Amino acid sequence: MMDVERKKILIEASGCHVHLTREAVETLFGKGAVLKKRRDLSQPGEYLSEQRVKLVTRDGCIENVAVLGPTRSAVQVELSKTDCRKLGINAPVNLSGNLDGASDVMIIGTCGEIKASGSVIVARNHIHMTPQDAKEYGVSHGDKVRVEIVSDRKVIFEDVPIRVSEKFALAMHIDFDEANACGYRIGTEAFILYDRPCESRGMSKMDMEQIIQEVIKNVCAILEQEKRATGVCEEKTESVPKKEDTPEEVIREKLITEKMAKEMVSSITCDTICIAKGTIITPAAKDMFKAGHKKIKIL
């Protein structure tokens, strides 16, 4: 038996990703499309697919977002707090599967897009266990435990929920903000603590929150620098054409959807629609411009 005060557990860090319904897969990647497995994940039956999507709001975008399989009954987007700040949304910290108060985002694939209303959450850290694991560790489904991360930035996570199912494999999941805050690397050791007060070498819950906020602040600063350098999803970095070269009105939007394209086709009389560089045009919007016999000019 392991020491009752120190129960070692595997810890894994998850980046931003989405779970899709079968209908969403076909909308985003084409009629009849299915998720193509790239590699298995640690939880039985779950896998990373070959497909990728883009997440877009009026305040920002995140590209090359992983799609996990298999398909689910509801679309769910799991982000970190840093990701949410980049997109300008305030998503709740929920356990996976709980979409109460979830935020909205536009998901764009290779063949279409969907408005995923009430889909975005910040996934709460948690521990997966089988019933046998739970018996060995002396816990039950729904219990909350304290977990010490042993690294060069030792911290203690408070109130970590236990999730028990025959379908699970033993592992604790955290997001990248938490991973950066606690100095996580592959192989970092973590231990469930039992009736053991925080030691001076550990960190309080408040200390942990302060570290995470500092990490978010630093990461957001780096992302802002990257956006200014690349011009991606940033109005002020767009190249504004000279008035004498482009007398036409220039459309300046972060994102042009099918509905917006339809309105432009009906309201703009000229054959060419001028759109500012850096604007994201969804596949359905491009089809609408084509059907309306409108040419797109990027300025």
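Two strands are taken to pair if DSSP finds at least two bridges between them. The legends below apply this criterion to a predicted model.

**Figure 1. The seven-stranded open sheet of the predicted model.** Seven strands make up this sheet, in the order β1-β15-β12-β13-β11-β14-β2. The sheet is open, and its pairing is mixed. Its edges are formed by β1 (7-9) and β2 (11-14). Each of these edge strands has a single partner strand, so one side of each is left without a neighbour in the sheet. From one strand to the next, the twist averages 35 degrees.

Figure 2. I149 has A190 of β15 as its bridge partner.

**Figure 3. The three-stranded open sheet.** Here the strand order is β16-β18-β20, and the pairing is parallel. The edge positions are taken by β16 (250-251) and β20 (295-298), each of which pairs on one side only. Strand β18 spans residues 272-275 and runs parallel to β16, to which two bridges join it. V250 has C274 of β18 as its bridge partner.

**Figure 4. Packing of helix α6 against helix α7.** Two packed helices are described by the angle between their axes and the distance between the axes. Helix α6 covers residues 258-267, and helix α7 covers residues 283-291. Their axes come within 8 Å and cross at roughly 20 degrees. Because angles under 35 degrees count as roughly parallel, α6 is described as roughly parallel to α7. The crossing of the two helices is right-handed. On the α6 side, the contact is made by E258, A261, K262, M264 and V265. On the α7 side, the contributing residues are A284, A285, M288 and F289. Classified by residue type, the contact of α6 with α7 has seven nonpolar residues, two charged residues and no polar residues.

Figure 5. The relative accessibility of K277 is 53%. Since residues over 50% are classed as exposed, K277 counts as exposed. K254 is 23 residues apart from K277 along the chain, and the C-alpha atoms of these two lysines are separated by 9.8 Å.

Terms used
Residues are numbered from 1 along each chain as its sequence is written. This is a predicted model: local features need pLDDT of at least 70, side-chain atom pairs count only at pLDDT 80 or more; totals for chains, interfaces and linings use all residues. Side-chain values use heavy atoms; hydrogens and water are left out. Helices (H or I, at least four residues) and strands (E, at least two) are DSSP runs, numbered from the N terminus. Axes are lines fitted to C-alpha atoms, for helices over the stretch in contact, and angles run from 0 to 180 degrees between N-to-C directions. Angles under 35 degrees count as roughly parallel, over 145 as roughly antiparallel, 65 to 115 as roughly perpendicular and the rest as oblique. A crossing is left-handed if the near helix is turned anticlockwise from the far one by less than a right angle, and right-handed if clockwise. Contact means heavy atoms within 4.5 Å. Ala, Val, Leu, Ile, Met, Phe, Trp, Tyr, Cys and Pro count as nonpolar, Asp, Glu, Lys and Arg as charged, and the others, Gly among them, as polar. Buried means under 20% relative accessible area, exposed over 50%, partly exposed in between (1.4 Å probe, protein chains only).
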